[in-house]
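Hi,

Here is the structure I said I would send over. Have a look first, and then read on for what turned up.

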Amino acid sequence: MKYGIISDIHGNLEALKEVLAVCKQESVDKYLCLGDIVGYGPNPNECIEIVQDIGAVCVAGNHDWATTARLDATYFTPDGKSAVTWTREHLTMEGFGFLNGLPITEKTEEFILVHGTLFEPELFRYQNIIAKAPNSFSLMDRQLCFVGHTHAPLILIQTNDNVYSSSERELEIAEAAKYIVNVGSVGQPRDGNPLASFCIYDTDIGMIDIRRVKYDIEEVQKKIIDAGLPGMLAYRLSIGM
Ligand SMILES: [Fe+2]
């Protein structure tokens, strides 16, 4: 079974389409989505419809719930708040209902999905450093947990009492270890690499593969400006920050 794992699409339709094209080429069987389908980008409704069409198992991101006012957005950056307001004004009723109904965590037979951290997931913390990882690993009753939110790919590994990170982007799963895999962001990468980030997990060979793919950034930037969204949201796409 091949899983395509996507996160933080943020209304970036061009990036999502390119990611899904690669997933199709790779004969991905099932999709998992780790939240923040909307916010920042100019195509929230189209991205929601695609996530629904591919039948992705999906959890809520902070932008998804802020858009439906299920989460207080007062701690968002000014650009984040503007994007929440813009998205709320442009969201269809169907899209609103879908985002509002997303669960905070989801479990399949093999995985746990959460946008931020497994501990206090409703606070949407960043799972970005090793120091925070033991709290999440201790709650894992599956070998794998997929996360997003930071917009930077990262693999955290626990073996016995050791927790460490791996800089590998292709990694074979070891039976005795647990993994927290941050798949990065489809629609607004922030690791200095502007290419869309996602993950393919092949359960037959036990391989995690974090991929990057090119998309038409200029087209999205034009749409962001034309939509009246903050200019910084367009600029940052070209530098991956
Ligand atoms: Fe996000």
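The largest pocket is lined by 18 residues, and those nearest its centre are Tyr40, Asn62, His63, Tyr126 and Arg190. A pocket here is an open set of points on a 1 Å grid over the protein atoms alone, with protein on both sides within 12 Å along at least five of seven lines; a cavity is a set where a 1.4 Å probe fits but cannot get out, and lining residues have an atom within 4 Å of a point. Two or more lining residues of this pocket come from each of α3 (62-67), α4 (78-90) and α8 (231-239). (Helices are DSSP runs of H or I with at least four residues, strands are runs of E with at least two, and both are numbered from the N terminus.)

Before I go on: this is a predicted model, so local features need pLDDT of at least 70 and side-chain atom pairs count only at pLDDT 80 or more, while totals for chains, interfaces and linings use all residues. Residues are numbered from 1 along each chain as its sequence is written, and side-chain values use heavy atoms, with hydrogens and water left out.

The pocket's volume is about 280 Å³, a volume being the space filled by probe spheres set on the points, which are joined across faces, edges and corners. There is also 1 cavity of 30 Å³ or more, and the largest cavity holds about 50 Å³ of space. Its lining includes His10, Tyr40, Gln188 and Leu233, with α7 (217-227) and α8 each giving two or more residues.

Now the metal. The iron ion has Asp8 (OD), His10 (NE2), Asp36 (OD) and His151 (NE2) as protein donors, at 2.0 to 2.3 Å. Donors are N, O and S atoms within 2.8 Å of the metal (3.2 Å for Na, K and Ca), and water is not among the atoms, so the site may look incomplete. Along the chain the donors follow the spacing D-x1-H-x25-D-x114-H. His10, in the loop between β1 (2-6) and α1 (13-25), and Asp36, in the loop between β2 (30-33) and α2 (44-53), are 26 residues apart.

Cheers
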